[in-house]
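Here's a quick briefing to read alongside the model. Have the viewer open and follow along topic by topic.

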Amino acid sequence: MGAGHARRIANGDIKGMALVAVADRKETRRQWAAKHLSESIKIYEEGEDLLKDAEINAVLIAVPHYQHPELSIRAMENGINVMCEKPAGVYTKQVREMNLCADMHPEVTFAVMFNQRTNPVYIRMHDMVQSRKYGSIKRINWIITDWYRTQHYYNSGEWRATWNGEGGGVLINQCIHNLNIWQWIAGMPKRIWANCKISQYHDIQVEDVVDIHAEYENGAIATFTTSTGEYPGTNRMELVGTKGKAVYESGKLTITFIDENIKVLTKTMQESMPNVPIKIFEEYQKESGHIGILNDFSKAIRTGLKLLAPGIDGIKGLSIANAAYLSSWTGKWVELPLDGKEYLEALKNKQEEYQSTTQMEKVQKTEVLEEYADRWSIRW
């Protein structure tokens with residue numbers, strides 16, 4: 001992601017933004033930067049060294065997840081504007097600390113790379129709910145299984161698909177986008193129950209299949225189903241309100257309105273199965289994605305206008321993800337807002353569990369190799 005963002009900025013795709021420097025701990029990535037970027041671009045090995053560069057006034061952080069809050073906080077403390085890749089962090093406690101730092105530095109613009117917020121369809125659904133144009137929410141169903149990934153994808157980095165490196169699977173990596181859109185459109189639920197299946201389709205430590213059930217204060221219910229093991233996948237969201245319904249699938253939004261509140265009609269109409277008049281609208285538009293969010297970030301820094309994806313919102317979708325993990329591990333409903341300390345303790349246990357398992361596997365492999373070596377030595 002860092003390479004893609006660097007190219008966009010270097011190519012002049014982002015108005016008012018110029019690429020000054022990059023940093024990467026991997027020598028091969030620094031070699032890539034030297035080869036593909038301008039000779040004037042400074043190349044650092046450590047992100048913290050880059051943050052000390054006086055020429056820099058904004059930074060885009062695209063590193064493994066656990067470092068997102070650490071580097072974001074360091075940048076804000078240095079007076080540098082921050083665009084942080086998703087997720088904002090792995091657990092809510094560290095993201096809460098990042099948000100607190102942002103509050104202490106109001107002069108700094110802090111955004112998160114929720115590029116799907118540029119999708120006009122999601123924006124339309126968000127505005128509909130906020131305006132209460134189709135009443136209050138009754139039901140939300142989202143099947144989002146078009147995140148298919150191969151084993152090669154997970155093998156591409158040692159940190160991927162591990163509790164110690166990535167902090168989770170499809171929820172924390174791919175679907176943090178969708179969890180953010182879910183709460184952005186419909187608000188935060190009051191409690192979560194989930195089933196997160198580990199390595200259902202891949203040889204990984206973390207979940208690649210998830211089923212979430214949620215409840216809202218007003219009694220509305222929501223379900224969220226995702227996977228990185230289905231192909232071809234589905235992306236369909238139904239949002240049902242008391243005055244209509246919005247269905248998004250395959251890039252198309254279909255909106256159905258009724259003139260009266262269905263809750264009122266249900267109790268007052270003198271017919272058993274009435275035919276209520278409906279109005280249907282269809283829309284299809286493409287999102288501007290990463291370029292749209294980066295342009296929004298640049299504009300906010302230069303003009304002070306409100307961000308489309310403010311960094312402080314990063315904790316919301318992450319709260320749903322953390323609650324889903326905790327529910328799956330305990331087999332219980334988890335109340336929101338989440339107890340960050342309880343989740344962090346559970347995450348540490350999961351990390352230690354897999355750390356000890358990994359170490360045991362290494363010991364077993366070593367013992368096997370030594371045994372074979374002894375056998376060959378005796379035979380020789």
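**Salt bridges, a sheet and a histidine**

Arg139, Arg236, Glu238 and Glu249 are joined in a network of salt bridges (a salt bridge being a side-chain nitrogen of Lys or Arg within 4 Å of a carboxyl oxygen of Asp or Glu). This is a predicted model, so local features need pLDDT of at least 70 and side-chain atom pairs count only at pLDDT 80 or more, while totals for chains, interfaces and linings use all residues. Residues are numbered from 1 along each chain as its sequence is written, and side-chain values use heavy atoms, with hydrogens and water left out.

**Salt bridges**

- Searching the whole structure turns up 13 salt bridges.
- One of them links the side chains of Arg74 and Glu48, at 2.9 Å from N to O. Arg74 sits in helix 4 (residues 67-77) and Glu48 in helix 3 (residues 47-50), so this pair ties together parts 26 residues apart in sequence. Helices here are DSSP runs of H or I with at least four residues, strands are runs of E with at least two, and both are numbered from the N terminus.
- Arg74 is partly exposed at 33% relative accessible area, and Glu48 is partly exposed at 27%. For the cut-offs, buried means under 20% relative accessible area, exposed over 50%, and partly exposed in between (1.4 Å probe, protein chains only).
- Glu97 also forms a salt bridge with Lys93, with the closest N and O atoms 3.1 Å apart. The two are 4 residues apart in helix 5 (residues 92-104), so about one helical turn separates them.
- Lys316 and Asp313 meet through their side chains at 3.5 Å, N to O, in another salt bridge. Lys316 is partly exposed at 32%, whereas Asp313 is buried at 11%.

**The 3-4-5 sheet**

- Three strands make an open sheet in the order 3-4-5, with parallel pairing; two strands pair if DSSP finds at least two bridges between them.
- At the edges are strand 3 (58-61) and strand 5 (110-112), each pairing on one side only.
- Strand 3 pairs with strand 4 (residues 81-84) over 4 bridges, in the parallel sense, and Val59 stands opposite Val82 in strand 4.

**Around His126**

- His126 belongs to helix 6 (residues 120-131) and is buried, at 15% relative accessible area.
- Leaving out residues up to four places away in sequence, His126 touches Trp184 and Ile185 (contact means heavy atoms within 4.5 Å).
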